[in-house]
Amino acid sequence: MEPVLMYRFLTTITSSLLFFGLVMAFLFSGVLIIPKTMQTYASIIDTLLVDWLIENDLGTSWWVAGLMLSMALVAVNAAVCSYDMLKRRFAAARFLQLWPPQILHIGVIVMLIGHLTTAMTGFRTESVLSEGGRFPILDGVSFVVDRIVVESDPVTVTRWEVHGGWLESGALVEPVVIRPGSPSYFRGIWLFVKNADRPPLRAVLTARTDVGASIVAAGAALFLAGGCLLLIARRLSSGG
Amino acid sequence: MSRLLFLLVAATFYALALTGGLRSRTFLVLGLLVNAGFVVLRGFANGRLPVTERLDILALTGLLFAASCLWLPECRKGEMDVPVLSLSIFFLFAALLQDEVNTVDQYMKSPWFYLYSGFFILALVSLGLSSCFGVAFIRHEDISHEALQYRFGLYGWVAYAASLIFGSFWFFAAYGTLWYWTAKDFWLSIVWFYYGGLYFHGRYHPSLAGVPASIIGVLGYPLVLFGYFGIGYLIKSPWSQF
């Protein structure tokens with residue numbers, strides 16, 4: 001297809017509908033396939049997605065690859081549409097008329113880039129530790145567990161915490177307390193407590209790096225800002 | 001037993017409000033008081049905002065649907081009260097079928113979780129209202145209904161997106177990943193792309209503008225409901241953040 005024709009096609013609503021339809025078709029494939037073959041896809045969580053795609057044959061990974069490609073098409077489509085709209089109407093239109101959908105598009109594209117970054121980069125490791133245990137993580141950084149707290153009532157565990165500290169080249173740098181939902185962050189490494197047991201007292205700690213998460217967060221903020229502006233714009237244009 | 005009483009009484013009042021006449025508004029207000037009383041008492045009994053269990057989420061959703069009947073002009077005029085209150089009654093009966101858990105997992109004690117749950121409830125209500133207006137537009141072709149379908153659809157879609165975003169942040173803080181590869185997560189994404197892609201963009205397509213786009217919008221709500229009620233039962237899915 002000629003570049004000009006391709007550009008014109010990408011600025012049409014038809015192309016958007018087509019690519020969204022593709023994404024939904026691949027997502028729907030995943031809805032049907034994953035429950036039937038959960039063991040096959042269990043390793044996706046613990047592996048970089050790009051590595052998982054390389055390690056698994058096309059018979060297993062076709063819909064994952066298709067999903068990623070169709071999401072890329074959506075991102076390109078959104079970028080071209082926004083560029084075209086801004087080029088045509090930048091001088092004439094007011095901010096609230098023109099920018100909210102474009103900010104939404106940019107937010108979606110940034111979120112997709114963030115997820116792609118997560119799929120291609122990052123590091124993950126896990127360890128089961130007792131009090132006094134040391135967890136070597138990455139590049140001379142490790143974590144030492146001083147104390148594990150587990151409290152429960154007759155029904156459930158009510159509190160668990162891991163008290164410890166980050167070590168750099170063996171020296172204690174930062175003491176921290178890690179709780180469920182309250183991880184610790186040090187030198188680009190996130191440390192989570194996944195579980196804690198007793199007796200004997202031990203905790204499962206997961207360490208990971210994920211640059212993509214910050215990018216997704218930035219994209220999410222843009223998306224929500226664009227969404228709010230779009231709501232305001234529509235409300236103003238309909239007279240309240 | 002008390003839960004059964006509260007929710008059944010509220011649902012009965014909402015049903016009586018559909019009979020019309022001068023007392024319909026009285027019945028609606030009584031239903032709201034009973035429904036709201038249930039939600040508030042649940043919150044006090046468990047010492048937290050009642051948005052962490054399915055029972056509470058469904059009861060609150062039913063309450064918000066019924067409350068919207070008080071302020072929506074179209075409900076007061078008798079145009080929309082049947083579908084909106086029917087949805088309210090549906091959610092209350094769905095709440096009756098849920099187990100009471102009454103404990104909060106350690107991981108749920110997070111502001112991100114409350115934000116996710118709160119926005120999800122708003123999305124359930126807004127998208128439901130959008131569908132109701134869409135049905136009204138398809139039946140009567142009153143353009144004001146189409147505009148309201150779009151507006152509530154937009155509110156609901158942005159709230160839905162916010163719930164996905166905050167749910168992902170919560171999951172990252174709890175388990176170290178934004179996303180889980182489960183049927184539930186995928187279905188929720190389908191719903192997001194359906195509204196954001198097919199419905200909102202379809203309205204601007206020459207061959208879909210008007211009734212066809214409205215039908216697309218209306219059909220989105222069964223997808224939302226299937227994602228909440230069907231995934232995990234009809235299609236297996238391990239626990240995920242949603």
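Mentor: The discussion below takes up a sheet, then a chain, then pockets and cavities. Please keep in mind that this is a predicted model.

Trainee: In what order do the strands of the open sheet in chain A lie, and in which sense do they pair?

Mentor: Strands of a sheet pair through backbone hydrogen bonds, either parallel or antiparallel. The open sheet here has four strands in the order E2-E3-E4-E5 of chain A, and the pairing is antiparallel.

Trainee: Which strands stand at the edges?

Mentor: Strand E2 (134-138) and strand E5 (171-178) of chain A do; each has a single partner strand, so one side of each is left without a neighbour in the sheet. Neighbouring strands of this sheet are turned by 25 degrees against each other on average, direction ignored.

Trainee: How many bridges pair E2(A) with strand E3 of chain A?

Mentor: Four bridges pair E2(A) with E3(A), residues 141-152, in the antiparallel sense. Within this pairing, Pro136(A) has Ser142(A) of E3(A) as its bridge partner, and Leu138(A) stands opposite Val141(A).

Trainee: How many bridges join E3(A) to strand E4 of chain A?

Mentor: Eleven bridges join E3(A) to E4(A), residues 157-168, and the two run antiparallel. One facing pair is Ile148(A) with Val162(A) of E4(A).

Trainee: What secondary structure does chain B have?

Mentor: Chain B has nine helices and zero strands. Read from the N terminus, its elements are therefore written α-α-α-α-α-α-α-α-α.

Trainee: How does the radius of gyration of chain B stand against that of a compact globule?

Mentor: For 242 residues, a compact globule would have a radius of gyration near 18 Å, and the 18 Å of chain B agrees with this. The C-alpha trace of chain B spans about 50 × 45 × 30 Å along its principal axes. Of the 242 residues in chain B, 61% are buried, where buried denotes under 20% relative accessible area.

Trainee: Turning to open spaces, what volume does the largest pocket have, and which residues lie closest to its centre?

Mentor: Its volume is about 1,200 Å³. The lining of the largest pocket comprises 46 residues, and those closest to the centre are Met111(A), Leu112(A), His115(A), Leu116(A) and Trp179(B).

Trainee: Which elements supply at least two residues of the lining of the largest pocket?

Mentor: In chain A they are helix H3 (38-46), helix H5 (58-89), helix H6 (95-120), strand E1 (123-130), strand E8 (202-209) and helix H7 (211-237); in chain B they are helix H7 (143-175) and H8. H6(A) provides the largest share of this lining, nine residues. By class, the lining of the largest pocket divides into 33 nonpolar, nine polar and four charged residues.

Trainee: What can be said of the second largest pocket and its volume?

Mentor: The second largest pocket has a volume of about 1,000 Å³. Among its 40 lining residues, Pro101(A), His105(A), Arg234(A), His201(B) and Tyr204(B) are the closest to the centre. Two or more lining residues come from each of helix H2 (13-36), H5, H6 and H7 of chain A, and from each of H7 and H8 of chain B. H5(A) gives the most to this lining, with nine residues. The classes in the lining of the second largest pocket are 22 nonpolar, twelve polar and six charged.

Trainee: How many cavities of 30 Å³ or more does the whole structure have?

Mentor: A search of the whole structure finds two. The second largest cavity holds about 30 Å³ of space, and its lining consists of Phe120(B), Tyr160(B), Leu188(B), Val191(B), Val224(B), Gly227(B) and Tyr228(B). Helix H8 (183-202) and helix H9 (211-230) of chain B are the elements that give two or more residues to this lining, and H9(B) gives the most, with three.

Trainee: Which classes of residue make up the lining of the second largest cavity?

Mentor: Six of its residues are nonpolar, one is polar and none is charged.

Note on methods: Residues numbered from 1 in each chain as written. Chains lettered and ligands numbered in written order. Predicted model: local features only at pLDDT ≥ 70, side-chain atom pairs only at ≥ 80, totals over all residues. Heavy atoms only, no water. Pairing = 2+ DSSP bridges. Axes fitted to C-alpha atoms, helices over the stretch in contact; angles between N-to-C directions. 1 Å grid on protein atoms, 1.4 Å probe; cavity = no way out; pocket = protein on both sides within 12 Å on 5 of 7 lines; lining within 4 Å. Points joined across faces, edges and corners; volume = space filled by probe spheres on them. Nonpolar A, V, L, I, M, F, W, Y, C, P; charged D, E, K, R; others polar. Rg over C-alpha atoms; globule rule 2.2 N^0.38 Å. Buried < 20%, exposed > 50% of the residue type's maximum accessible area, 1.4 Å probe, protein only.
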